[in-house]
Amino acid sequence: MYPISSNSFINNPYTNNPYNQPQQYYWQGVYQPYGQSGYYEQPAQDNTDAAKTATMAGILQLIAMGLQKASGWFSTKLAAGKEFTSAANVHHVADEMVRKNNLNVHVGYINDVNKYAYAQHYNLGNQLEEVARGQNAFFTDKLKLAVAPERKPSLILHELGHAINAKNVFTRFLQNTRRYAPYAPTALLIANSLFSDKNDGKKSFIERNAGVLGFAAFLPTIIEEGLASFRGIKAAKKVLNNPSGLNILKKNYLLALSTYILAGIGLGVASKQTILEDSIRT
Ligand SMILES: [Zn+2]
């Protein structure tokens with residue numbers, strides 16, 4: 001599924017990972033030599049380090065909350081976005097995208113009446129409820145199905161962009177990384193415990209770069225999302241010969257992409273939080 005909305009971000013357990021352990025000062029378990037005497041003592045710096053870590057944790061939590069708020073704002077804006085052209089025009093562009101790219105994909109415009117038949121035929125449970133309400137659209141390669149709300153048909157052009165991406169080895173790979181991206185914080189945690197020497201008193205590569213690495217795990221998804229939108233915009237531009245409302249479509253798709261960028265930053269923050277939390281425990 002490739003929802004255009006940011007629900008995946010909102011529901012991501014990692015972004016909802018409240019840093020609400022009681023703030024405890026910790027012993028790093030690292031004793032530094034004191035002088036030349038061979039007498040070991042907790043370094044004087046330690047309380048400062050603990051305070052720094054606690055401050056960092058607080059800042060990260062604030063950023064995570066801010067990201068959720070921002071993502072919600074973009075989603076609301078997106079839901080309120082206007083259609084860039086008539087439904088008939090959108091259907092025409094969609095048909096052309098299917099035809100020119102030889103897509104073996106059924107295109108469905110979901111409303112409150114046909115949602116039941118679609119749900120039954122494709123065994124989709126209640127996944128079309130949001131679509132019928134105008135709040136989601138998706139493409140599934142497994143079911144060879146692309147759906148958009150009947151009241152917001154323009155979302156289908158982005159979904160067909162995903163369908164085109166699924167036909168190319170490289171973009172299909174980008175598409176598939178999405179499944180694994182949410183495991184980035186856990187994967188980094190495991191990698192850090194396996195490969196870093198915790199007794200040398202220095203921060204490991206993963207500890208220093210957890211945020212960037214977490215974001216990097218989501219970057220293929222962001223690129224593939226952007227490419228899907230680009231394909232939709234390109235088709236609309238060509239088939240409708242530069243429609244006057246094209247900027248509306250671009251704006252809507254940019255809002256959608258913003259939620260994915262925020263989700264990527266969210267994953268970076270969650271990765272950093274996970275590693276930081278681990279450094280407090282051990
Ligand atoms: Zn998408």
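On a 1 Å grid over the protein atoms alone, a cavity is a set of points where a 1.4 Å probe fits but cannot get out, and its lining residues have an atom within 4 Å of a point. A search of the whole structure you see here finds one cavity of 30 Å³ or more. The largest cavity holds about 30 Å³ of space, and its lining consists of L78, G81, E83, K152, S154, L155 and N252.

This is a predicted model, in which local features need pLDDT of at least 70 and side-chain atom pairs count only at pLDDT 80 or more, while totals for chains, interfaces and linings use all residues. Residues are numbered from 1 along each chain as its sequence is written, and side-chain values use heavy atoms, with hydrogens and water left out.

Next, the salt bridges. In a salt bridge, a side-chain nitrogen of Lys or Arg is within 4 Å of a carboxyl oxygen of Asp or Glu.

| Pair | N to O distance |
|---|---|
| K100 and E96 | 3.8 Å |
| R172 and D141 | 2.9 Å |
| R178 and E225 | 2.7 Å |

R178 sits in the loop between α7 and α8 and E225 in helix α9 (residues 205-239), so this pair ties together parts that are 47 residues apart in sequence. Helices here are DSSP runs (H or I, at least four residues), numbered from the N terminus. Are R178 and E225 buried or exposed? Buried means under 20% relative accessible area, exposed over 50%, and partly exposed in between (1.4 Å probe, protein chains only). R178 is buried at 15%, and E225 is buried at 2%.

Definitions and conventions. On a 1 Å grid over the protein atoms alone, a cavity is a set of points where a 1.4 Å probe fits but cannot get out, and a pocket is an open set with protein on both sides within 12 Å along at least five of seven lines; lining residues have an atom within 4 Å of a point. Grid points are joined across faces, edges and corners, and a volume is the space filled by probe spheres set on the points. Helices (H or I, at least four residues) and strands (E, at least two) are DSSP runs, numbered from the N terminus.
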